[in-house]
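Here are my notes for you to read alongside the model. Keep the viewer open and click on each residue as we get to it.

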Amino acid sequence: MVRILSADAVGELLSLSELFPVVEEAFVKQGRGEVERPPRPHFPVGIDIDRVRDGTGGEETAGAGSEATARDDPLGTGLTMPAYIHGREVYATKLAAVHPENASHGLPTVNAQVVLTDATTGLPLALLNGTTITSARTGCIGGLAAEYLAADPVRLGVLGAGTQARWQSRAVAVGSAVESVNVYSPSDSREACAADLREDGLPAEAVDSPEAAVSGANVVVTATTSETPVFDGSWLDPGTLVVAVGAYTPEMRELDAETFERAARVFADVPEEVADIGDARGAGLDESDLIPLSAVFEGDAGREGADEILVVESVGSAVLDAAAAEYLYEKSSARGVGEEVGL
């Protein structure tokens, strides 16, 4: 039997405060080399054919009787992310998709499913909604980074107003006292994001410029799909922690070269992969310039002065998905949450 955990089931089970130590331990295991994390292929999808609206809110697929237009740019990116933590009874494979245009249709930009498999027998154990898992474990990266590397109280500046901007803000509030949250996005979504965060009890406001979000902040989070830097590094106050979670390809870039020039240290969740994204390439950084974020949790690296600007870059690791999915599966089994089906 395979346990199915829907988005509602995952939401019912998920606790960010419980997930913090799960993610932290997964980082430590990854840093020590006690994991299997094969390279994750990512590939363009939705090439050559553009689905068009039929005028009634539905969509027609390319084929007889439908309209179709050729397109050179892909609609999205598909990713396959497997991982196993040594000694665990399960391993995970996440199937993810990133479609930037989804937001204009009221759909999530990131969608994912996580499959859990028995590490002893190879039998399937569970299928989980991976969209919430991805959002939560990525949020924990920013939350843990702020807990370890920023001073309380946190004055948070957020660039981006989508789902991940919300999760980052909530997670920062789990590990740190938050004095203010200023949210900027070029669209009116910043107002909705700030309103949602206020409903969560955070002192959030929408601001009219990236400079207004960054200036005066001691933690700046970027959660966008931008291909150009989203703020000017000269705006950063001394002592600021910058957490960049949006870029994951060579074409994507959220931070400018000045941000890195001013940074005392740059931490990365997966240094070899961060070295290949637009942020690092644009600043002329390679893997040797990046400190594994796990070193912070091991106590081997961190903040050495109150005025240091620090940067944390995240591209995401399937090891975190595996750990988070295992936590949810065990909790669901204990509570009888989810639906069991035969394959």
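1. First, the ground rules. This is a predicted model, where local features need pLDDT of at least 70, side-chain atom pairs count only at pLDDT 80 or more, and totals for chains, interfaces and linings use all residues. Residues are numbered from 1 along each chain as its sequence is written, and side-chain values use heavy atoms, with hydrogens and water left out.

2. Now the overall build. The protein chain has eleven helices and 18 strands. The radius of gyration is 20 Å, close to the 20 Å that the globule rule gives for 343 residues, so the chain is as compact as a globular protein of that length. Helices here are DSSP runs of H or I with at least four residues, strands are runs of E with at least two, and both are numbered from the N terminus. The radius is taken over C-alpha atoms, and the globule rule is 2.2 Å times the number of residues to the power 0.38.

3. What about inside and outside? Of the 343 residues, 50% are buried (under 20% relative accessible area, with exposed meaning over 50% and partly exposed in between, using a 1.4 Å probe and protein chains only). The accessible surface comes to about 14,700 Å², and carbon and sulfur atoms own 48% of it (Shrake-Rupley method, 1.4 Å probe; for residues, only the protein chains shown count as cover).

4. Contacts and charges next. Among contacts with a separation of 6 or more, 71% are between residues 24 or more positions apart (contact means heavy atoms within 4.5 Å). The chain carries 23 positive and 56 negative side chains, and the centres of the two sets lie 3 Å apart. Lys and Arg count as positive and Asp and Glu as negative, while His and the chain ends are not counted; each charge is placed at NZ of Lys, CZ of Arg, CG of Asp or CD of Glu.

5. Look at helix 11, residues 318-335. Its 18 residues reach 25 Å from first C-alpha to last, close to the 26 Å expected at 1.5 Å a residue (the expected span is 1.5 Å times one less than the number of residues). Helix 11 is mostly covered, with 14 of its 18 residues buried. Just after helix 11, Gly-336 takes a positive phi of about 70 degrees.

6. Helix 4, residues 163-175, passes the length check too: its 13 residues should span 18 Å, and its end C-alpha atoms are 19 Å apart, which agrees. Its buried residues include Trp-167, Ala-171 and Val-172.

7. Val-172 turns up again as a contact of Val-178, which also touches Val-154, Ala-173, Leu-202 and Pro-203, leaving out residues up to four places away in sequence. Val-178 belongs to strand 11 (residues 178-184) and is buried, at 19% relative accessible area. Its C-alpha is 6.2 Å from that of Arg-155, 23 residues away in sequence.

8. Where is the cis peptide bond between Asp-152 and Pro-153? Pro-153 lies in the loop between helix 3 (130-149) and strand 10 (154-159), and omega for the bond is about -5 degrees.

9. Phe-267, in strand 15 (residues 263-268), is buried at 0% relative accessibility. Not counting residues up to four places away in sequence, Phe-267 touches a list that includes Leu-149, Ile-291, Val-296, Ala-301 and Val-312.

10. Ala-295 sits in helix 10 (residues 294-298) and counts as buried at 14% relative accessibility. Its C-alpha is 8.8 Å from that of Phe-267, 28 residues away along the chain. Beyond its neighbours within four places in sequence, Ala-295 contacts Asp-300 and Ala-301.

11. Is Asp-237 buried or partly exposed? Asp-237 is partly exposed, at 29% relative accessible area, and lies in the loop between strand 13 (219-222) and strand 14 (241-244). Leaving aside neighbours within four places, Asp-237 contacts Gly-216, Ala-217 and Ile-309. The C-alpha atoms of Asp-237 and Ala-217 are 7.1 Å apart.
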